[in-house]
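Work through the exercises below with the sequence and the model side by side. Try each task before reading its solution.

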Amino acid sequence: MSIQITAEHVVKKFDKETTVIPDLSLVIKEGELFTLLGPSGCGKTTFLRMLAGFYPLDGGHIYFGERRIDCVPVHERNIGMVFQNYAIFPHMTTAQNVEYGLKQRKVDKALRNKKVKEILETVRMEEYADRLPAKLSGGQQQRIALARAIVIRPDVLLMDEPLSNLDAKLRIEMRSTIREIQKQSCGGITTVYVTHDQEEALAISDRIAVINKGVIQQVDTPRRIYQYPANIFVATFIGFSNLFHGTVRIQDGKKQVQIGDCLLPVLRLGNNVQDGQKVIVSMRADDFTCVSEGGIWCKIKSDTFLGQNMNYAVEFENKIAVETEDGNELVESVRTARHFYRQGERICIMPDAEKLNVFTDDGGTSLMDRGDDT
Ligand SMILES: Nc1ncnc2c1ncn2[C@@H]1O[C@H](COP(=O)(O)OP(=O)(O)O)[C@@H](O)[C@H]1O
Ligand SMILES: [Mg+2]
């Protein structure tokens, strides 16, 4: 049976000076694959370990369904866990590894055999039932870890960077395996998935919480996180965004944003903006067209050929870009590009106005009317 997870004002400090999680509230819906995404050290594992019961809370409460569980010991929480290092027993075969949790729960032999067989079919490992882990690939070992976690029919499945030890191709393949199995099992096991890999998060999740320094920045579907980031942290952490200094211009009720000399009609700019307001505008690296004049001028610093795309590191003129560590970047599809630009060349771009996002001057809040549609 799948359940809802509720965190209310959860606090974690490891010592008096450092608060890793200052005040985290969150609802994870029944049966959803929910991802905690954020840079290394932002507190993802810490929160997951609190859900599992390995760390006590320094404030707040956690509920599984109606039941408050922050005072319940680990083994009474009915949780399945999969971690980066698979933690499967090296001296046990695939089947024995999967059977282990059922044995501990004193499930009788016939039922154990039936369940192990079913689960191994689900993770497509039935032909390796009698193998030892040393004779299996990383991906296969991770499938066993997954099988072992779900065979006990957990209320909640917790996964902490489960794919980070696998090579790139296998990581992509395992994403869909995990998603398939998570949705198939018991009508969808409520799953909390931790990753620092934004592409993985976009690919696998029903919803994502973007976290920075223990604070949730945005909770949304992958598409909304990408299209309508809540602040410039999200806009630059999920996919690349160029950031510009801009000014709101409202004429005859028409809302525009001015970047340098370029006026852009931003249709979904919210109603709470004022004429002359200073803002930060974000533009995805490929949301522009090249024009001969009237746009924003920049100079090509270098190019990188990436097969489908050509990436250009660029420098915008007249200090209109917000200075960031990542610099500025434009991407053109190789298939549609009319010609490639050379280092040192000046080009003029016109951003796709309807794809821009506009934020307060400090970058902390989106000024877009983000609506409810996905
Ligand atoms: N057991 C611990 N004792 C002290 N500090 C810890 C402990 N575990 C994690 N931290 C600190 O808490 C912060 C968050 O860590 P963690 O939750 O592991 O981050 P993430 O999983 O997002 O990379 C880090 O600064 C880390 O050094
Ligand atoms: Mg971690």
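**Exercise 1: An open sheet**

Task: Find the order of the strands in the open sheet of 4 strands, and state how they pair.

Solution. This is a predicted model. Step one: read off the order, which is β2-β1-β4-β5. Step two: check the direction; the pairing is antiparallel. Step three: look at the ends. β2 (19–28) and β5 (67–68) each have a single partner strand, so one side of each is left without a neighbour in the sheet.

**Exercise 2: Inside that sheet**

Solution. Begin with β1 (residues 5–13). It is joined to β4 by 5 bridges, and the two run antiparallel. Last, inspect the turn. The β4 and β5 hairpin has 2 residues between its strands, and Gly-65 has a positive phi near 65°.

**Exercise 3: A covered strand**

Task: Decide how many residues of strand β8 are buried, and sort them by face.

Solution. Step one: count. In β8 (residues 190–195), 6 of 6 residues are buried. Step two: recall the pattern of a strand. In a regular strand, side chains alternate between the two faces of the sheet. Step three: sort the residues. Thr-190, Val-192 and Val-194 lie on one side. Thr-191, Tyr-193 and Thr-195 lie on the other. Both faces are covered.

Task: Which strands pair with β8 in the parallel sense?

Solution. Take β3 (residues 33–37) to start with. It runs parallel to β8, with 5 bridges between them. Leu-37 has Thr-195 of β8 as its bridge partner. Then take β7 (residues 156–160). It also pairs with β8 in the parallel sense, over 5 bridges. Asp-160 stands opposite Val-194 in β8.

**Exercise 4: The shell around the ligand**

Task: List the residues around ligand 1 and give their classes.

Solution. Step one: list them. They are Phe-14, Val-20, Gly-38, Ser-40, Gly-41, Cys-42, Gly-43, Lys-44, Thr-45 and Thr-46. Step two: sort by class. The shell holds 3 nonpolar, 6 polar and 1 charged residues.

**Exercise 5: A helix and its neighbours**

Task: Name the buried residues of helix α2 and the helices they pack against.

Solution. Start with the residues. In α2 (residues 94–104), Thr-94, Ala-95, Asn-97, Val-98, Glu-99 and Leu-102 are buried. Next, find their partners. These buried residues pack against α3 (109–122) and α4 (138–150). Finally, look past the helix. Lys-106 follows α2 and has a positive phi, near 60°.

**Exercise 6: The whole chain**

Task: Describe the protein chain by its domains, its elements and its contacts.

Solution. Step one: divide. The domain assignment gives domain 1 (5–227) and domain 2 (242–360). Their centres, taken over C-alpha atoms, are 39 Å apart. Step two: count elements. The chain has 8 helices and 20 strands. Step three: take its extent. Along the principal axes, the C-alpha atoms fill a box of roughly 75 × 45 × 40 Å. Step four: check burial. Of the 374 residues, 37% are buried. Step five: look at contacts. Among those between residues at least 6 apart in sequence, 69% join residues at least 24 apart.

Key
Residues numbered from 1 in each chain as written. Chains lettered and ligands numbered in written order. Predicted model: local features only at pLDDT ≥ 70, side-chain atom pairs only at ≥ 80, totals over all residues. Domains from an automatic or database assignment. Near = placed C-beta within 6 Å. Nonpolar A, V, L, I, M, F, W, Y, C, P; charged D, E, K, R; others polar. Buried ≥ 20, exposed ≤ 12 C-beta atoms within 10 Å, placed from the backbone. Contact = placed C-beta atoms within 7 Å. Pairing = 2+ DSSP bridges.
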